[in-house]
Amino acid sequence: MKKIILILLSLNISIVYSQTTDRNQNTAFVVANTISVTIGGQFPLTGTFPASVTERVDQFVTRIYSQALERSLRTATDQVMLEKIKQELSDFSLRGILLKRSSGEEIILDLAKFRIDGDFRNNPYLKNDDVIIFPPNDMDRNFISITGAVNSPGKFLFVEGDKLKDVIELARGINQAYENVNKAKIYRLSYDGINHDVIEVDIKNDILLKRGDQVVILADETQRKEFFALVLGEVIQPGYVPVTRNSTKLGEVIKQVKGFTDNASLIRARLFRGNSVTALLEKQYSIKIDEKLLNNDRELIDRIVNYEQAMMFRMSNLVEEDQYYFQAENQYRVLNEGSAIDFTKISDENSEIYNFIVYPGDVIIIPPKRNTIYVFGQVSNPGHVKFVEGKDFLYYIEQAGGLGEYAEDEIMIIKGSSRNWIPAERNVQIEEGDYIFIPKKRIQSFRSFVMELSGYFSIVGSIATILLLIVQLGK
């Protein structure tokens, strides 16, 4: 038994010794592989920091930046401050970075290009006592820019020796969507900003650039884009339909969605034009429109309406009393432009509706048949009444409980297709989805009657006074 205990103790001691040795060796290994690197210049956090010999410059810089960002964000109290901190900390350049070795060697690094092309010449391993110096990030004066047929147009810090191919690379190359891209224009301002030199070059000619150059890669604008209209409601295959820029016919769009269901109400179908209708669709139809097709910017919609109204008022002769009605009508026009079309003849390829041009961003709504008439106002039981072909407005009023005691004689039919108000007459055709409105008589109290009568007497008295003065002057 004693021998067994001694053996176990010996084993435990060996294990503990082994673990302690491993920890010591690991600690010694970490210490041996830790180096000291200094960051200076325009960077969020400067000073000397520990690094690993296995770290490259970009990995090290990213780590130190993340530490600076984390520390700063702890002090943020609201979203505005958060965004401001992020903006201030990102004010440094990944180009023109100077790496100074303890040996005296100096290397200019371009981490922006490394992150695009993966060339490790711009991202070497760190060595002990390296110094990384970030240049001033003066993007107002020390810049080059590029636009046109490139993947990521932008503005970049200028580095001495930059050539045309460098700025094209920073813009992530020529955009393959463009065809026959061979030329570039370089716009070069004079030092005083008064004169402009325009240099046209072949993009294969790797011309040396100057500070402040604005490069445009020339190409005809491609219209090979993702053009869509949206068809919703009672069609066989609702959804997004590819269209051309300005030549797709409405009849062709309906064919692409395989036509209408049996429950489609063509008399109430609508085509809404463009981005300004998003809010209306959401409110009226409870439809959330994909932002890639329509812009859900309520402020923009208000601006469109207000601008349109200002333009319409500018040369008008409207008096103040007319302006409120005009504003309402004009707002309706802006939000519903393009919707007043008759879908009932769309099967005829020679009809106007079939050949109506659908534009990208248009939204087509085919609502279901209501099969009811809505009766409201001065009736006993306002609400939906089942639609019966050929029945007149009196039938629906009777089905809604008949006229109330204070019903006005001027009953109105509001057409479901156009919202047009029509005085109710026996020859007015009632269609599914129509509304019947019975106004209330104006009940006049004795007091209001006296006040109204006194107004009339006042007017009569004024007229009599004027006549008397005219008679006196005539004498």
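Predicted model: local features only at pLDDT ≥ 70, side-chain atom pairs only at ≥ 80, totals over all residues.
## Two strands side by side

Arg-270 sits opposite Ile-365, a residue of strand E16. Strand E16 covers residues 363–366, and three bridges connect it to E14 in an antiparallel arrangement.

## The whole sheet

Let's step back to the sheet itself. In what order do its strands lie? The order is E12-E11-E16-E14, making an open sheet of four strands with mixed pairing. Strand E12 (239–242) and strand E14 (270–272) are at the edges; each has a single partner strand, so one side of each has no neighbour in the sheet. On average, neighbouring strands here are turned by 25° against each other, direction ignored. As a reminder, strands of a sheet pair through backbone hydrogen bonds, either parallel or antiparallel.

Now look at E12 and its partner. Strand E11 (residues 228–233) pairs with E12 over four bridges, in the antiparallel sense. Leu-230 has Tyr-240 in E12 as its bridge partner. A hairpin of five residues leads from E11 to E12.

## A helix with two faces

Next, find helix H3, residues 79–89. Which of its residues are buried? They are Leu-82, Ile-85 and Leu-89. Viewed down the axis of H3, the buried residues fall within an arc of 65°, so they line one face of the helix.

Helix H2 (57–73) is part of what covers the buried residues of H3. On the face turned away from the buried side, H3 carries the exposed residues Gln-79, Val-80, Lys-84, Gln-87 and Glu-88.

Note on methods:
Residues numbered from 1 in each chain as written. Heavy atoms only, no water. Pairing = 2+ DSSP bridges. Axes fitted to C-alpha atoms, helices over the stretch in contact; angles between N-to-C directions. Buried < 20%, exposed > 50% of the residue type's maximum accessible area, 1.4 Å probe, protein only. Arc of directions from axis to C-beta. Contact = heavy atoms within 4.5 Å.
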